[in-house]
Amino acid sequence: MTPMKEDYLKIIFELGGMKKQVSNKQISLGLGIAAGSVTEMITKLDEEGLVAHQPYAGIQLTEHGFKVAAELVRKHRLWETFLVDKLGYSVADVHPEAEVLEHETSDRLATALDDFLGHPESCPHGGMIPNAAGEFKNVSHRLLSDAEDGEIITIERFLDNHELLTYLSELGIQLHDRFEVIKHEPFEGPLVVKQLSDQKTISISFKASHNIFINEVKS
C-alpha cells in the first residue's frame, strides 16, 4: 500500500470514519489536498474494499479498512509518544520520524513499545492510540469549525500535521485550553475566539479550525 493511501485511511479514521460518514471536504481540509484529488483516491480505496463511498452522503471505513487504519495509527502514535516523552522531540516535529518508523514496526515490537511506555491511551497531540485489538477510548469528532458563536469549548486534540502544530504553538494554543467562540468571519475567514485563562482574543484560520477537535455538546 502506498504512503498516500495510508494517509487517507488515517485521516478518515481520525475524522471518525469508523462510526460515521465523513465528507470529501473534511478529508481535503485535513490533508491539504484539492477536492478533485480526494475524489480520485476515494474511488480507488472503494474499489479495494477499504472504504465504502456513497455519493453525496460520505465515506466510511469498511471493517478491513478500519483494521488497516487502526494498526497504522497505533504504531505511528506509539512512536510519537516515545519520541516526545523519552527523546525530547517537539510535538510538531515527530510526525516525519514516526511515519518512517511505523512501517518498520512488527506487531511484536509495537507490543513491546506499548508495554515500555505504560500503555498510553493518547499521543502528544491528543490522538487516541488503539490497543492491539484495535480498541480505543471514545473521543470527540466535533471540529472547532462547528462550534456556535458564544459557546464555551475545550480543545481535545489536533490533527497530526507539522504545519498545523507549529501554527498553533505560535498562537499559544494547547490541548485542554478553554475558549469562548466570538464569531465566524464570513467567506471562509478566520474563527475568532477568546482564551478564558487570560482573556486574549485569537483569530484561528479557517483551515486550522477544521483540523482541531473540541469537546462534544453536553445533552
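Two strands pair if DSSP finds at least two bridges between them, and the strands themselves (E, at least two residues), like the helices (H or I, at least four residues), are DSSP runs numbered from the N terminus. Strand S1 (residues 51-54) runs antiparallel to S2 and is joined to S2 by 4 bridges. Within this pair, His53 lies opposite Ile59 of S2. The hairpin leaves 3 residues between its strands, and Tyr56 in the turn has a positive phi of about 70°.

The model is predicted, so local features need pLDDT of at least 70 and side-chain atom pairs count only at pLDDT 80 or more, whereas totals for chains, interfaces and linings use all residues. Residues are numbered from 1 along each chain as its sequence is written, and side-chain values use heavy atoms, with hydrogens and water left out.

Most residues other than glycine have a negative phi, yet the phi of Tyr56 is positive, near 70°. Tyr56 sits in the loop between S1 and S2. Its relative accessibility is 90%, so Tyr56 counts as exposed (exposed means over 50% relative accessible area, buried under 20% and partly exposed in between, with a 1.4 Å probe and protein chains only). Phe187 also has a positive phi, of about 55°, although it is not a glycine. The loop that holds Phe187 lies between strand S5 (178-184) and S6. Phe187 counts as exposed because its relative accessibility is 84%.

The helices come next. Two packed helices are described by the angle between their axes and the distance between the axes. Helix H1 (residues 3-14) packs against helix H2 (residues 24-31) at an angle of about 115°, and their axes are 10 Å apart; axes are lines fitted to C-alpha atoms, for helices over the stretch in contact, and angles run from 0 to 180 degrees between N-to-C directions. H1 and H2 are therefore roughly perpendicular to each other (65 to 115 degrees, with angles under 35 counted as roughly parallel, over 145 as roughly antiparallel and the rest as oblique). The crossing of H1 and H2 is right-handed, a term used if the near helix is turned clockwise from the far one by less than a right angle, and left-handed if anticlockwise. On the H1 side, Asp7, Tyr8, Ile11 and Ile12 meet Ile27, Gly30 and Leu31 of H2, where contact means heavy atoms within 4.5 Å. This contact of H1 with H2 comprises 5 nonpolar, 1 polar and 1 charged residues; Ala, Val, Leu, Ile, Met, Phe, Trp, Tyr, Cys and Pro count as nonpolar, Asp, Glu, Lys and Arg as charged, and the others, Gly among them, as polar.

H2 also packs against helix H3 (residues 35-47), with axes that come within 9 Å and cross at roughly 110°. H2 is therefore roughly perpendicular to H3. Here too the crossing, of H2 past H3, is right-handed. Asn24, Ile27 and Ser28 of H2 meet Ala35, Val38, Thr39 and Ile42 of H3. By class, the contact of H2 with H3 holds 4 nonpolar, 3 polar and no charged residues. The buried residues of H2 are Gln26, Ile27, Ser28, Leu29 and Gly30. Their cover includes H1, H3, strand S2 (58-61), S3 and helix H8 (206-209). Just after H2, Gly32 has a positive phi of about 70°.

Turning to the sheet, 6 strands form an open, antiparallel arrangement in the order S3-S8-S4-S5-S6-S7. Strand S3 (142-143) and strand S7 (200-204) stand at the edges with a single partner strand each, so one side of each has no neighbour in the sheet. Strand S4 (residues 152-158) runs antiparallel to strand S8 (residues 212-214), and 3 bridges join them. Arg157 has Phe213 of S8 as its bridge partner. Strand S6 (residues 191-195) pairs with S7 in the antiparallel sense over 5 bridges, and Gln195 stands opposite Lys200 of S7. S6 and S7 form a hairpin with 4 residues between them, and Gln199 in that turn has a positive phi of about 65°.

Lastly, Pro96 belongs to helix H5 (residues 95-102). With 48% relative accessibility, Pro96 counts as partly exposed. Pro96 and Asn161 are 65 residues apart in sequence, and their C-alpha atoms are 9.5 Å apart in space.
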